[in-house]
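Thanks for coming, everyone. Please have a look at the model on the screen, and then I'll walk you through it.

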Amino acid sequence: MQNPIAQKLQRCVESVRARIDFVPQIAVILGSGLGDYAEHIDVRQTLSYHDIEGFPVSTVPGHKGRFVFGFVGEVPVVLMQGRVHYYEGYAMPDVVLPTRLMGKLGAQVLFLTNAAGGVNPTFAAGDFMLLRDQIADFVPSPLIGPNVEELGPRFPDMSEIYEKKLGDILLREAEKLGIPLKQGTYLQFTGPNFETPSEVRMARLLGADAVGMSTACEAIAARHMGLRVCGISCISNLGAGMTEQELSDEDVKETAGRVAPQFRALVTAGIQAIAKEAL
Ligand code: HPA
């Protein structure tokens, strides 16, 4: 019998393909406060998560919950406007189902974005960080359970989970645009609570530069199925205990919204350069 995860994925693919004929090259997951990027591309088709059979629907306020298919310049993309988080209560295979689905629809590259807390003391709120590596050991691997052989191997290599070549392209594009781009390691906690100051210190000791509640599991699922992965965090705040300020989702969104114009420019230039030089 076919693996139930593969079956569910296949049903979702069929459900999308019954409505959408668009074939994307690059998939982009838009993080908190960054969802309005979708208003700045040449949109061809949209599909609400509600309309996909068996699809996990985001419960986070402000997350729209739809796929947007369209063009960035000449590059066919699919944007995920609103992601699914582990803290919402979904099992990990459901959390990464949308990622896998975008791969099945044709995307070769997954461009991850998120809002994250900076734990590197040289970072400031409003900075951008290129993801060079990650620590995902505080959440279950999305690959636990019978391996989905149709997607990838049981023991996939993660030596270069964020592809160096793609990262280097993003760094160069940021420099051309005059947008400072830090680099570092992203650590995923489960959330939904923000960290304590001790957890932030622990994350720093472990080698993290930024912490968040998404992304790392998506990167693992994407690499497993052979997608090429890159990512940028918007450092929306410094980690708990690093400043006097308490943390709130409103402040995270406010900061992400403030730097959204630069973010849009960086993602647009990055997508076009990746399509031109790396696909
Ligand atoms: N911690 C975890 N996730 C986050 C943060 C944070 O400080 N800021 C934005 N997302």
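First, some ground rules. This is a predicted model, so local features need pLDDT of at least 70, side-chain atom pairs count only at pLDDT 80 or more, and totals for chains, interfaces and linings use all residues. Residues are numbered from 1 along each chain as its sequence is written, and side-chain values use heavy atoms, with hydrogens and water left out.

Let's start with the pocket. A pocket is an open set of points on a 1 Å grid over the protein atoms alone, with protein on both sides within 12 Å along at least five of seven lines. A cavity is a set of points where a 1.4 Å probe fits but cannot get out. Lining residues have an atom within 4 Å of a point. Points are joined across faces, edges and corners, and a volume is the space filled by probe spheres set on them.

The largest pocket has a volume of about 380 Å³. Its lining has 23 residues, and Ser32, Ala115, Phe194, Met213 and Asp249 lie nearest the centre. Two or more lining residues come from each of β5 (109-118), β8 (210-212), β9 (228-238) and α7 (249-258). Those names are DSSP runs, numbered from the N terminus: helices are H or I with at least four residues, strands are E with at least two. β5 gives the largest share of this lining, four residues.

What takes up the space of the largest pocket? The ligand does. The rule is that more than half of a molecule's atoms lie within 2 Å of the grid points. Around the ligand we find, among others, Ala116, Gly117, Val211, Gly212 and Leu247. To count as near, a residue needs a heavy atom within 4 Å. β5 gives the most to this shell, with three residues. By class, the shell has seven nonpolar, four polar and one charged. Here Ala, Val, Leu, Ile, Met, Phe, Trp, Tyr, Cys and Pro are nonpolar, Asp, Glu, Lys and Arg are charged, and the others, Gly among them, are polar.

Now the ligand's nitrogen atoms. One is 2.7 Å from an N or O atom in the side chain of glutamate 195. For the side chain of asparagine 237, the distance from a ligand nitrogen to an N or O atom is also 2.7 Å. At alanine 115, a polar backbone atom is 3.3 Å from a ligand nitrogen. The protein covers 94% of the 260 Å² of accessible area that the ligand has on its own; that area comes from the Shrake-Rupley method with a 1.4 Å probe.

Next, the cavity. There is one cavity of 30 Å³ or more. The largest cavity has a volume of about 40 Å³. Its lining includes Ile5, Arg100, Pro142 and His224.

Last, the backbone. Which bond joins glycine 191 and proline 192? A cis peptide bond, with omega about 0°. Proline 192 is in the loop between β7 (181-188) and α5 (197-205). Threonine 215 has a positive phi, near 70°, and is not a glycine. Threonine 215 is in the loop between β8 and α6 (216-224).

That's my tour.

Terms used:
A polar contact is a pair of N or O atoms within 3.5 Å; within protein, one must be able to donate a hydrogen and the other to accept it, and residues adjacent in sequence count only if both atoms are side-chain atoms.
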